[in-house]
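Reader: I am new to this structure and would like to learn how to read it. Could you walk me through it, one feature at a time?

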Amino acid sequence: MTASWGGPLLLVGASGLAREVLPLAAEAGRPVLGVLDDRHAELPPSLGGVPVLGPVSSAAAYPDAELLLCIGPGVSRAAVYGRLDPGSRFATVVDPSVRNPAGCPVGSGSILLAGVTITADAYIGEHVVAMPGVTVTHDCAVADFATLAAGVSLGGGVRVGQATYLGMNAAVRPGVRIGAGVVVGMGAVVLRDVPDGETWAGVPASALAPRPVTEAPR
Ligand SMILES: CC(C)(COP(=O)(O)OP(=O)(O)OC[C@H]1O[C@@H](n2cnc3c(N)ncnc32)[C@H](O)[C@@H]1OP(=O)(O)O)[C@@H](O)C(=O)NCCC(=O)NCCS
């Protein structure tokens, strides 16, 4: 695990993603103070062996911690980010199996899980989540708060907009631009540019009826 933090880690969001990050932190010997979640009163007292400490607003009580937003949909991740103290520090988590031989930039707060590959001249923004087996090839740009689910493949020069969600095993043709706040269904093959805010699925992918993007895509 590569991580930028100097202090202990505080996870925001009692999610499956948080439980995926916890073993990485343990493997790297990084202390985790616990998890913050606004649903804390309904949750069990611990998640993956660390305590559920309270609501997101209690982050200010842990000034030495570095935060990590573990919330699947990027729109929700961005909304929670907007509620945090502007001076908050964020960890960046990169599984040791990630391949990024060209040293492409990975923004603060991003989480790259096992087997992610980034080839050359690509850019990963802040608070991006790339799940296992994602491939980001040359000249791609993935904007802040985007989520790439397991097995997503981006051809060369693809642009992924802010807080966009690409479902499992979606493939995107080289040079395609996907707008902000888009949801792409699992298994989609995206051949054309996708406008902001739309939901696309299928092979070849086309628009589905609008859906609430704050809900985690299932
Ligand atoms: C695209 C998606 C967001 C749509 O979810 P939804 O809004 O709840 O839509 P529904 O399941 O009601 O399906 C609406 C229609 O789209 C079709 N559809 C849904 N997902 C599809 C997909 N991935 N590919 C092709 N068609 C799909 C359904 O068959 C349905 O068609 P119909 O109207 O002809 O019956 C969702 O199916 C999806 O693919 N989510 C990604 C999940 C994922 O990868 N998660 C990662 C977790 S780690």
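Author: Gladly! Let us begin with a pair of side chains: R83 forms a salt bridge with D38, and their closest N and O atoms are 3.0 Å apart. A salt bridge here is a side-chain nitrogen of Lys or Arg within 4 Å of a carboxyl oxygen of Asp or Glu. This is a predicted model, in which local features need pLDDT of at least 70 and side-chain atom pairs count only at pLDDT 80 or more, while totals for chains, interfaces and linings use all residues. Residues are numbered from 1 along each chain as its sequence is written, and side-chain values use heavy atoms, leaving out hydrogens and water.

Reader: Which parts of the chain do R83 and D38 lie in?

Author: R83 lies in helix α2 and D38 in the loop between β3 (32-36) and β4 (46-47), so the pair ties together parts 45 residues apart in sequence. Helices (H or I, at least four residues) and strands (E, at least two) are DSSP runs, numbered from the N terminus.

Reader: How many salt bridges does the rule count?

Author: The general idea is that side chains of opposite charge can pair when their charged atoms come close. In this model the count is three. Another one joins E66 and R89 at 3.2 Å, N to O. E66 sits in strand β6 and R89 in the loop between α2 and β7, 23 residues apart.

Reader: Is E66 buried or exposed?

Author: E66 counts as buried because its relative accessibility is 7%; the cut-offs are under 20% relative accessible area for buried, over 50% for exposed and partly exposed in between (1.4 Å probe, protein chains only). R89, at 37%, is partly exposed.

Reader: What about the two domains: how much area do domain 1 and domain 2 bury between them?

Author: The size of an interface is often given as the accessible area lost when the parts come together. Here, domain 1 (9-83) and domain 2 (92-202), with bounds from an automatic or database domain assignment, bury about 1,200 Å² between them, 73% of it on carbon and sulfur atoms. Buried area is the accessible area (1.4 Å probe) that two parts lose on being put together, summed over both. L24, L68 and R77 supply 37% of the area that domain 1 buries against domain 2, more than any other three residues.

Reader: How many salt bridges does the rule find across the interface of domain 1 and domain 2?

Author: Across that interface, the rule finds zero salt bridges.
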